[in-house]
Amino acid sequence: YVQNLQSFSNGLNFVPVLEYTDSDDWNFYKQRTNIVWPGNSLIISTDRAILKGKRLRIGIIESIPFTIIINYIDNLGQNKTKYTGYICDLIELLKNKIGFVSDIQLVQSNQPYSESVEAVAKGDYDIIIGDVTITATRKESVDFSNVIFDTSVGIIARRMPNVNIDPLSFLKSFSSQLCNIVGYGVDFNVNTAAGRLLTSDLTIPKSKDIISGIDDIKNGKIPSDRIGVLVDTAIEEYYLREISFGRRDYYPLKSRKELYDSLLEGIIDVAFLDSAIAEYFTDNIYCNLTLIGEDFRKGGYGIIIPKKWVYANDLDVQILSLRESGQLEQLRRKCIHDNLKNKLTHSESRIVILWVQSTYIRLILQDALKLNLVGPEFIWILSSSTSLDFFNKKYDEKLIGLLTIEPVTGTFVNVSINTTLLNAAYNIWQKYELESFPGSSKVNSFALFAFDATWSLIKSLEKLCSIIKNNSSSSCLSFIESSFCFDRRFIQSDLLLNSINQIEFLGVSGPIKFNLNSNRTDRINGSYYYVQNLQSSSNGLNFVPVLEYVDSDDWNFYKQTTDIVWPGNSLRILTDRAMLKGKHLRIGIIESIPFIIIINSIDNLGQNKTKYIGYICDLIERLKNEIGFIPEIQLVQSNQPYLESVQAVVNGDYDIVIDDVTITAKRKESVDFSNVIFDTSVGIIARRIPDVNIDPLSFLKPFSSQLWLLVFGICIYAAFLLCLIERQDNERLQNRSILFQFLMSVWYSFGNIVGYGVDFNVNTAAGRLLTASLYILSLILLATYTANLASDLTVSKSKDIISGIDDIKDGKIPSDRIGILVNTSLEEYYLKEIPFGRRDYYPLKSRKELYDSSLEGVIDVAFLDSAIAEYFTNNIYCNLTLIGEDFRKGGYEIIIPKKWVYANDLDVQILSLRESGQLEQLRRKWFQKKICPISYEISTAIQIKSMSGLFLIFGLITILSFLLFLWSKRSTFKKHFFNLLS
């Protein structure tokens, strides 16, 4: 059998828990008991080393977007470093799930991957997490965790513009060489040395569709020295094994930065890169690079761990759990697929400035159009106009409203230019290369700027040489020579700069003059710009000049003034904020009368229907009409609606939550809030005490008026009976008038009812029985009257004990008689302002419990938002009231996510509703109605119904008394009866 060491009151003892008989399996022992596992736990321990509580030295590798390093200066002026990205988020998830203590260190290395493997093998780090691919070579030195990121290899290359067949394309290099003299690159961009121009022009058209994927590279369609491969990576291993078969004939790259630069400069045609990283950079940073063909060599990144690491199993189990729960995929979407659409739609601004080479304006706009990012919601400002022939006609409506800001020459803004010099330049152009001259009206402004820059250089050199020639015999054009052209240096550069600063002439673009007091060649006049606006006309879409800028003047309308047409084909200026119009909003609401009132009903078909009404529903309807969003209203189902509503917005369960939610510092840590939708404060609610006024007849209040009338009637009734019974037998009544006999009988009845007695006695048995009934009546009435009068006097004295919040702070009410709603802003206020952190109040879980506890006397007072308290005391709980002045002024706001892009739009509309008085109208509609009486007083008077039993007994006794009277007078009645017969 198996014994288990367990703890008992008398110490530790071994207890049999399992038994094994012959070939049977293990079974529980006859006195079955639980097995207690190490740690005094009933949960079976796992048979693996656990990372919980262990300190891990974690190395991370800088690699955007996996690990991004952010350097900043804090409020104290200290340099700080922060790490963000996929890897940092993954470490945080694993840390929260496993419970280890992380010690994160950046791996400092020029060869991060091979040296990272070696660092873990040597024990410099416990683990290293980064974009490290699992390979057989690396597995010889270290082990790897389960895959933390699925990836593959892609081919990255320059993005090629559309190429048209041009029979004169062989002349393009000559055009560029001629125009380089004036700095104008005609109809294509020049980014590299002149020697590469012809090769580049011939290569681009031929290679546009040649490379379709990895098979083309294996078949040798790209020269190997034009293929870039990152050295010391898994990609290099793949290339050597699968493509070059061991030959290192590729173009070696030491970093991703070198890879991107080499592609952009045309040093290489293609490069291999992990597809996820390539996708991130081509979507977000290097828009003029693109992925080609299908991905290949599927694989993944793993965490580098030591060989036979005892915690490997625990780590793998948790990584697998993150993968199965979808958390790894959530991280991937967050860090990798943060593309153009995400960036623009989640940006607070709706102005997009596209400041790129003209070649790429069209490409980016085409992508933006496909993603529905061009149109009424965004204002696009381009750095130059672009041809509209490449756009599908279906996008014309969305393109309307595009703006361009372009530098122009003085001709466009009615400023003088040097027409003589310009005509001379045009004549030279037409003389030597007539076929490339587009006509004087079609020459780009940048060509004229370049001409003026070149002419400035010529004039400056001319001036410099004249100075040097007069003062020295040395050449004015001396250089420090170098085999690499960019390393050549002009010896007289300082003197040349001074000459440029002193140059002043009228150029082909306008006046040329520079700042004499600056070490930079800053042009101080001749800066002209105009804004063009894409508008629709009868002949299609056209860019139309609408604004102009001359030197330091402000923007003015262009000479042929026209209206600016904004996106959406509107003449109304758009606002620079994200708009909620047309957006679906998941709105959470909390049941809270009268803000949200739930009405359940059955329709004509017998179906249960739920309808929401109240202040919040009316507010949502008005916001919907003002803004134009599409609401999807959902009721927050929770026992702690305020606490969980905040968390629901954080988790993304709702876009916003609207109800009687007060802003607090604690809530602001997790979410943001809109402008105030309802002003409120805190009030003290208590049982209503009757109003007590000085009343000379207040002694009558213990009995109701009906009861007093009944007592008076009984007195008269008893007097009538007494007079009838005693008038012949009682000496005090004999030989007296009927009136005297009746008045004395009334006196007798009154004296006995009030317990005083009278100055004569009854003589008959019937009279005594009647007197007994008056005694009984007197006993009960006097006791009841005395008790009720004492109660009224006590209430009157205690009415004004609590006057407001100061009395509570001074301790005039015991803390356990003060009701507080838990998990609310009221609880936060109470703990902070009154008992200073002591939870000695009476906790309430709901408003219903608050009202019931107040009415039943369980608590004396409670805190409640004054608007809600006012509504309930005026309409539902008429015997509750508000005491003293309100305090802690505040308001209810809409819960919104942190840095919500639509916050500004929502706030503007709420402010508009407030300024127009619509919020006040809603408040009056739902809060100013009053059902309860203006002066409600609790009646404490005893009613007839309460005393009905007493009066019934009195009536029976009086009837018996009357019957007894008749019996005692039977002989007299017989005598009179026979006399009548005779």
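Q: Why is Cys-88 called buried?
A: Its relative accessible area is 14%, and buried means under 20% relative accessible area, with exposed over 50% and partly exposed in between (1.4 Å probe, protein chains only); Cys-88 therefore counts as buried. The model is predicted, so local features need pLDDT of at least 70 and side-chain atom pairs count only at pLDDT 80 or more, whereas totals for chains, interfaces and linings use all residues. Residues are numbered from 1 along each chain as its sequence is written, and side-chain values use heavy atoms, without hydrogens and water.

Q: What makes Cys-723 count as buried?
A: Cys-723 has 9% relative accessibility, so the residue is classed as buried.

Q: How do you know that a disulfide joins Cys-465 to Cys-476?
A: The S to S distance is 1.9 Å, and a disulfide is a pair of cysteine sulfur atoms within 2.5 Å; the pair therefore meets the definition. Cys-465 lies in helix H16 (residues 445–471) and Cys-476 in the loop between H16 and strand E17 (479–480), 11 residues apart. Helices (H or I, at least four residues) and strands (E, at least two) are DSSP runs, numbered from the N terminus. Both Cys-465 and Cys-476 are buried.

Q: Why is the disulfide of Cys-465 and Cys-476 called right-handed?
A: The torsion about the S-S bond is about 75 degrees, so the disulfide is right-handed.

Q: How many disulfides does a search of the whole structure find?
A: The search finds 1 disulfide.
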